[in-house]
Every structure is written in structure tokens, then in C-alpha cells.
Amino acid sequence: LTGGDDKCPRIWDFESCALRATLKGHTAQIWCVAMSPDGAMAFSGGADKTVLKWDVATGKQSGCFMGHSAWVRCIAVTADGERLIT
């Protein structure tokens, strides 16, 4: 999972290094990404002050965390997958 200035997180196949999905939904640069421990969900955050939740299997956005007053620069998912920390 990667993110960058083009506003699109990307999911990659670890073995082949092939691009699996380009995710669209952010309106500004992406500063951080994280995966759930089971690999089913991805999260991306950045300069648009949101964290987007993605379904890895479908590549579709499945949630949006709003309320940050500044850029989101770091995301972590707890080991049990129950909490997202920004």
C-alpha cells in the first residue's frame, strides 16, 4: 500500500510487485497509509484532513473519518484490528 502527491493510494501485489488497484477519493496529497492486521482493510490519510477506509478485495471506499483540524500525517491500526489511531 502506497500513497503520494497524486491523491491516489495504490494497492500492490507483494510477490509480483504488480499494481492491484488505484484508489480514488482523496482531494489532496496522501501523507500516510496503513493496513488492518488481517489485510482486509486499508486506510489512507493526508492533506485533505480525512482518513479514508478501503476494502482491499474490491478497491472501494468503505468509510471516511472526518474531524481533523489539520493534515493527517500518521495512521496506525491496533494489533487486534479494533482501533485506528491518527
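Contact here means heavy atoms within 4.5 Å. The model is predicted: local features need pLDDT of at least 70, side-chain atom pairs count only at pLDDT 80 or more, and totals for chains, interfaces and linings use all residues. Residues are numbered from 1 along each chain as its sequence is written, and side-chain values use heavy atoms, with hydrogens and water left out.

**Exercise 1. Surroundings of Asp 48**

Task: find which residues Asp 48 is in contact with, leaving aside its neighbours within four places in sequence, and state which side chain it joins in a polar contact.

Solution. 
1. Locate the residue. Asp 48 lies in the loop between β4 (41–46) and β5 (51–55). Strands are DSSP runs (E, at least two residues), as helices are (H or I, at least four), numbered from the N terminus.
2. List the contacts. With neighbours within four places set aside, they are His 26, Thr 27 and Ala 28.
3. Look for polar contacts (pairs of N or O atoms within 3.5 Å; within protein, one must be able to donate a hydrogen and the other to accept it, and residues adjacent in sequence count only if both atoms are side-chain atoms). The side chains of Asp 48 and His 26 make one at 2.8 Å. The Asp 48 side chain also reaches the backbone nitrogen of Thr 27, at 3.1 Å.

**Exercise 2. Charges**

Task: state how many salt bridges the structure holds, and how far Asp 48 is from the nearest side chain of opposite charge.

Solution. 
1. A salt bridge is a side-chain nitrogen of Lys or Arg within 4 Å of a carboxyl oxygen of Asp or Glu. Lys and Arg count as positive, Asp and Glu as negative; His and the chain ends are not counted.
2. Count. The structure holds one salt bridge. The side chains of Asp 6 and Arg 10 form a salt bridge at 2.7 Å, N to O.
3. Check accessibility (buried is under 20% relative accessible area, exposed over 50%, partly exposed in between; 1.4 Å probe, protein chains only). Asp 6 is partly exposed at 40%, and Arg 10 is partly exposed at 22%.
4. Return to Asp 48. This residue is buried and has no salt bridge; Lys 7, the nearest side chain of opposite charge, is 8.9 Å away.

**Exercise 3. The sheet**

Solution. 
1. Apply the pairing rule: two strands pair if DSSP finds at least two bridges between them.
2. Take the pairs. Five bridges join β4 to β5, where Met 41 has Asp 55 as its bridge partner. Five bridges also join β5 to β6, and Trp 54 stands opposite Gln 61 in β6.

**Exercise 4. Positive phi**

Task: state where Cys 17 and Lys 49 are placed, and what phi Cys 17 and Lys 49 have.

Solution. 
1. Recall the background: most residues other than glycine have a negative phi.
2. Cys 17 has a positive phi of about 65°. Its place is the loop between β1 (10–12) and β2 (19–22), and Cys 17 is exposed at 58%.
3. Lys 49 also has a positive phi of about 65°. Lys 49 sits in the loop between β4 and β5 and is partly exposed at 37%.
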